[in-house]
Amino acid sequence: MSQFVLALLAGLGVAGAIYAILGAGIVTVFRGSGVINFAHGAIALYTAYTWSELKGKGDLRLPWFDILPTKKLNIPVKIHLMHAPANAAVAVVISLLMAAFLGLMCHVLVFRPLRNSSTVGKVVGSVGVLIYLQAVIELNFGSSVRSEKGFLAQGSFKNFLGLGGSIGKDRVMVAIAAMICGALLAALFRFTRFGLITKATAGNEKGSVLLGFSPSFIAGLNWIVASVTAGFAGLLFVGINGLAPSNAALFVVPALTAALIGNLDSVGIATVGGLAIGSTVSGVTYLAKQSWWPSWAPEGGVRSVLPLLFLAGVLFLRGDKLPIRGTLAAARQARVPVQTRPFLAPAVVLVFGTLGLSIFTGSWMVALTTTIVAACLMLSMVVLVGFLGQISLAQLSLAGVAAYSLLRLTSNGKRVSQLDTVVVKGPGLPHLVAIVLAIVITVVIGLIIALPALRIRGIQLAVVTITAVLTLQEFLFKNPSIVGAGAKANSPVPRPTIFGIDFGVANKKTFLTDRWQFSALALGSLVLLLVMVTNLRRSPTGRRFLAVRTNERAAAAAGIDVARTKLLGFGISAAIAGVAGILFAYKFSSIQFENFELLIGLAFLAFAFLGSITTPSGAVLAGFLVPAGIWSFRLSEWFGKNVTKYVAAAGAIGLIVTAIANPEGIVPAVSQAFKPLGDKLFGRGRKASGGGGAALATRTLGEVSSVVATTS
Amino acid sequence: LRTNLKLKAVVVAVSFGLVAAACGSSKAKTTPATTVKPADTTVAKATDTTAAAKPAGGGSADDKVDGQGAAAFEAAIDAAAKAPLKAVGDPIVVAMPNLEGSPGGSFPEIREGAEAAVKMINEKLGGVGAKDGKPGRPIKLDVCSHKIDAGEAQACANKAKEAKPALIVVGIDFFTPLMYPVWTGIPVMETVPIFVADFDNPGAISAFGGCVSAFPGAAQYLKENFKADKVAIIYSDNAPGQQCYEDTQDRFYTLLGIEHKGFKDTPGDPAVKDATAQQVIEYLKDAKNGAVYWGIAAADCAEYAKAMVKGGFKQQIVMSGSCNDASVLKLAESKNAIFEQQSYIVEQVKDYSPFIQKEIAARAQAITDYGPKAPISAFTRTSFSALIWAYQVMNDVIAGGKDPTAAGVLAPALAAVKNYHIVGHPPINCNDNAPQYKSVCKKSLTFALWDGSTFTKTKDGLDGKYIDLAKLLASAPPRKAAA
């Protein structure tokens, strides 16, 4: 028992403290600017790397990169500030200034321009900053793990509190520092004029403006305060854990959980929540390594999911079936234009896709197929996020559910090929039957994920869906008792044969994965889904989705069953994600859990937004943009490896710029630009379109009045 | 607070100041500001030191001792030192997929080591088949870097195949199981095998054993030399981590009768470390001669060492080879730890023969000449040596009157080598690979004690000798039913 208590206390000192400080920072940013900062951990990490670089070399690395190919003309990325080894205290001060600079830049360059964007737009901007900072950390500091001595006290307390074990002095110091940091932040917001103004601005921005305050300035200050605290957490982290670019994402989930425990409002509760999460995780890690721990409960699963499940439960109970009266209206959301030519996009995709199938071979065909499969997944996001307004990060995981279900249902305990080292047991069902069952299973899981959405909304729902992602990954994809031997390796997927036709992706002669038969299957699926989603938007169901998205209270008043509509939307999008997952499994011929990780899902959501998350054709464009898709392949052919290392950072910049400049995505912007040409070609004059803006407004259902009129 | 003009002014001033300062700084430098110098300064210094060492004169290699091809390689580097010879003619394509750019796994140093070797081969050694001052054919290294993304990995597999390579050299890749089917019929050389699929794949070969030589080797060392009665093993909770633990650790410790327990780690997660370290301490507290060792968890070696020392760990820390880098060695907690060594110890190059000193110096010089941007590590040197091995075997094939690019020629040649020279490593045999590890040639390694400043011999009778793993690997019990 004493060892268990020791583990709980140890958890306070390392992880708990970091989560607490980061969680408090996320609350600070949210109160100041209404943004959930997924990049908060990345700011902490950049600060830690800055300290390490200053200490070791005396260099200050600036948070951007030099992409200029010339040797004479360079974008400066490094300032040699002092002789190494630098004074630790001076390095701390400069590093915290860098954190403040990062926070300010986030506000000025990204979130201030996005202040009137939809929730999804802000999420995408935040994801863009995370991807950018991670990429810049790797470009500027390298990807190798750095281990630093740090500047906290060394040594340990023997027989700590009489528990019979030792705890490092630095752990105790970090825990105390986190508590002091939380208390100071809470005092800042409770007792100072700045705190009161922030609270007033968060409560009523217009009122704050009328009193003569600048909400933007207040937000900027909050960004600086939050980033400095993040930097502080990063500096505490230096001597305790290795520095690696991947750590930036590692902190996101627990820190967000801590912030949500504080209801995105209370710094003090978020701090306590962070400490509690760290302690719980440490305790569970200890217990899970005991011999009595049941094998069906994977340690990683219990550890990462337990706090989130608890949180989801609290939020669910705390939430309401409908937003309470007086809830502030959400920011303006992206338009969902009616497709006046509903079969145009599917026809174009069919024609050009078929052309591609007949021309491409080898790597081009592989890239085309990747684009098609990704577009299918994006369509599920169009339905759920674009039409219904439910921000879910679990769509890729649902694709994973379908992929693993298909694998298990079609496997028969025999080796798929001589190269396989893994054999999966299963009933060996025919592929068509297995496909149908896999989609049904995915829909059921999708509906379970939908349950919290009945009471939780907006950004909170997005964070709660992370619970689903981690639960599926840890309890399903990595669980040998459910997915078989493939939980620990690549699982080979049996070659598909439907109605006697071999749809396998691998060419049996060349061994390249470029068979047109599979690509045709994928293309056919995409075209059918496109037709379905396009018509869904035009149907009464689609209009109900839009009504719920726009205003749940108004929709309910108009007679729409909000809960049922939400469940229906989740179900349809899960089915589409299931189709994508099945194509995914067949395309790669083997699957492993790394394919369905949270960050990849976040990136897919960002690509869907980039294309246009409210239009089916936007999903197709997004498919072109994904890694290994046509566009990415073309870029790598053009520029080669010297440029590909900048792709992540440059792509993140593109994502942020698009979120700011074209908050509705690329497709609407392009279609607006080419509208005159289209009108000429298709004979629709300007008069017929009603003269631009007004006609567009009548064709879109962004206004509640239109919705009510339509549905009633 | 009533205006943001001040804020704007501050932003502009700070930005301008930073850019101006950076411009001034970069002007003062002779190298471009973007040049990333190795953070791994200790290792870089070590290799630089070996490069600067003055080995004895030429002609000291002995094929019997240093492996077949050692004398030829020495002659080639001696000739290049006098008059570098550039390769001419149609290039021999070598494809190389490699994991880069993902925070979860990025190994640019492996690509850079291979590129350094190719540069040396093409620009100094005269290319493949060079003889008596006549240049041979250059090698074209066709690299396909990809992130942890199945789509990108599949694209790379197809791209590599389409390049019609004579050989595919894999860096570190988490997706080889989906790549192998595409590469059917092409010889594949694994640099660091980490999946069971890498261990016994027809057509695949590895001069370096990855998990296969490192982990059973540690088991044999801990049993026969260290006489451990209890061993804790910390490994990553990911696909390669789990596969390597089950296939190359758990069953060999069981075979050798060593009491052991595996502890899963989530790399980089601070929430797990202290509790796991505490468990390890508790597990080993009653051991008479206990040790902790790692599986695939190199990224966390140093952090675990710190956590365990602070937690009052009293037993022996044995670091796997991948933990051996400058950042780990400089920590106080690494003092008196035992480090696994699969290659010659570059930090102690003076202990070796003049030829070994010379080749290690030549490798270090070639890597320095290439100018790697990533920190130089054991992986850089390993991939360099892998490419040189391929070059040497191709030379042998040409000397035997065959074309190394012809189908069915290179793979059998690589698989048939016996007592063969590998730069910076003891010689290898590929003709007697164990049945379950048909693709792995490397079957020897040693252990050295880090005293805080240098490596010394361990105090357990190993005396710096290399352990032969051939018998142990051959006696591996059958793998469990896969399903």
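**Figure 1. Salt bridges in the predicted model.** Over all chains, the structure holds 28 salt bridges, a salt bridge being a side-chain nitrogen of Lys or Arg within 4 Å of a carboxyl oxygen of Asp or Glu. This is a predicted model, in which local features need pLDDT of at least 70, side-chain atom pairs count only at pLDDT 80 or more, and totals for chains, interfaces and linings use all residues. Residues are numbered from 1 along each chain as its sequence is written, chains are lettered from A and ligands numbered from 1 in the order in which they are written, and side-chain values use heavy atoms, with hydrogens and water left out.

**Figure 2. A:Glu53 and its salt-bridge partners A:Lys57 and A:Arg61.** In the salt bridge between A:Glu53 and A:Lys57, the closest N and O atoms are 3.7 Å apart. Both residues, A:Glu53 and A:Lys57, belong to helix 2 (residues 40-57) of chain A and are four residues apart, about one turn of the helix. Helices (H or I, at least four residues) and strands (E, at least two) are DSSP runs, numbered from the N terminus. A:Glu53 also meets A:Arg61 in a salt bridge, at 3.4 Å from N to O. A:Glu53 is buried, with a relative accessible area of 2%, and A:Arg61 is also buried at 2%. A:Lys57, at 22%, counts as partly exposed. Here buried means under 20% relative accessible area, exposed over 50%, and partly exposed in between (1.4 Å probe, protein chains only).

**Figure 3. A salt bridge between B:Asp237 and A:Lys478.** The side chains of these two residues meet at 3.7 Å, N to O. B:Asp237 lies in the loop between strand 6 (230-236) and helix 10 (239-256) of chain B, and A:Lys478 in the loop between helix 17 (458-477) and helix 18 (480-483) of chain A, so the pair joins two chains. B:Asp237 is buried at 14% relative accessible area, and A:Lys478 is buried at 14% as well.

**Figure 4. The interface of chain B and chain A.** The contact takes 94 residues from chain B and 103 residues from chain A, where contact means heavy atoms within 4.5 Å. Between them the two chains bury about 8100 Å², 57% of it on carbon and sulfur atoms. Buried area is the accessible area (1.4 Å probe) that two parts lose on being put together, summed over both. Three salt bridges are found across this interface. One joins B:Asp274 to A:Arg171, with the closest N and O atoms 2.8 Å apart. On the side of chain B that touches chain A, helix 1 (residues 5-28) of chain B gives the most, with eleven residues. That side has 43 nonpolar, 26 polar and 25 charged residues. In this count Ala, Val, Leu, Ile, Met, Phe, Trp, Tyr, Cys and Pro are nonpolar, Asp, Glu, Lys and Arg are charged, and the others, Gly among them, are polar.

**Figure 5. A network of salt bridges.** A:Asp170, A:Arg171, B:Asp274 and B:Lys310 are linked in this network.

**Figure 6. B:Trp183 in the largest nonpolar core.** A nonpolar core is a set of buried Ala, Val, Leu, Ile, Met, Phe, Trp, Tyr and Cys residues joined through side-chain atoms within 4.5 Å. The largest one has 324 residues, and B:Trp183 and B:Trp389 touch the most other members. Helix 14 (residues 362-387) of chain A provides the largest share of this core, 17 residues. Not counting residues up to four places away in sequence, B:Trp183 touches B:Pro97, B:Ala157, B:Ala160, B:Lys161, B:Ile168, B:Val170 and B:Val188. Another core, of 40 residues, lies apart from the largest one and includes B:Ala287, B:Trp294, B:Leu331 and B:Phe355.

**Figure 7. A:Ser363 and its contacts.** A:Ser363 lies in helix 14 of chain A and is buried, with a relative accessible area of 5%. Leaving aside neighbours within four places in sequence, A:Ser363 is in contact with A:Phe633, B:Ala155, B:Asn158, B:Lys159 and B:Glu162.

**Figure 8. B:Ala130 in a loop of chain B.** The loop runs between helix 5 (108-123) and strand 2 (139-146). At 25% relative accessibility, B:Ala130 counts as partly exposed. Residues touched by B:Ala130, not counting those up to four places away in sequence, are B:Leu85, B:Leu125, B:Pro135, B:Gly136 and B:Asn395. From B:Ala130 to B:Asn324 the separation is 194 residues in sequence and 36 Å in space, C-alpha to C-alpha.
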